[in-house]
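Please consult the sequence and the model shown below.

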Amino acid sequence: EDRRGFLADQPNREPIRSRIDGAFSGWSGNTRFELENGMVWEQIEAGRFSISQVENPEVVISPGLLGTWRLSIEGYSTAVRVQRIR
């Protein structure tokens with residue numbers, strides 16, 4: 001089982017690549033991101049980002065400072081801080 005994202009002090013802090021499961025049009029403050037690999041992440045910082053709706057876009061979740069993670073959508077330069085909830 002892939003435990004990345006649950007423990008801040010864990011050694012495996014490699015970027016996670018997957019796809020949003022279904023339609024996606026951005027985030028708006030408390031967005032949940034359900035991924036095709038079964039992981040679920042949620043937005044933990046304020047902010048909005050809108051795009052025209054796309055199906056199953058590729059995402060990269062990269063390790064940030066102090067145990068945080070940042071989610072970005074392939075092809076866009078914007079990222080949002082997230083935490084894993086499943």
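Is Arg81 exposed, partly exposed or buried? Arg81 counts as partly exposed, at 30% relative accessibility (buried means under 20% relative accessible area, exposed over 50%, partly exposed in between, with a 1.4 Å probe and protein chains only).

## Basis of the report

This is a predicted model, in which local features need pLDDT of at least 70 and side-chain atom pairs count only at pLDDT 80 or more, while totals for chains, interfaces and linings use all residues. Residues are numbered from 1 along each chain as its sequence is written, and side-chain values use heavy atoms, with hydrogens and water left out.

## Arg81 and Glu45

The whole structure contains six salt bridges (a side-chain nitrogen of Lys or Arg within 4 Å of a carboxyl oxygen of Asp or Glu). One of them joins Arg81 to Glu45, at 3.5 Å from N to O. Arg81 lies in strand β8 and Glu45 in the loop between β4 and β5 (49-55), 36 residues apart (strands are DSSP runs of E, at least two residues, numbered from the N terminus). Glu45 is partly exposed, at 21% relative accessible area.

## Arg32 and Glu42

Arg32 and Glu42 form a salt bridge with their closest N and O atoms 3.9 Å apart. This pair connects strand β3 (residues 32-34) with strand β4 (residues 40-43). Arg32 is exposed, with a relative accessible area of 53%.

Arg17 and Glu74 meet in a salt bridge of 3.6 Å, N to O. Arg17 belongs to strand β1 (residues 16-19), and Glu74 to the loop between β7 (69-73) and β8 (79-84), 57 residues apart. Arg17 is exposed at 54% relative accessibility, whereas Glu74 is partly exposed at 43%.

Note on methods
Helices (H or I, at least four residues) and strands (E, at least two) are DSSP runs, numbered from the N terminus.
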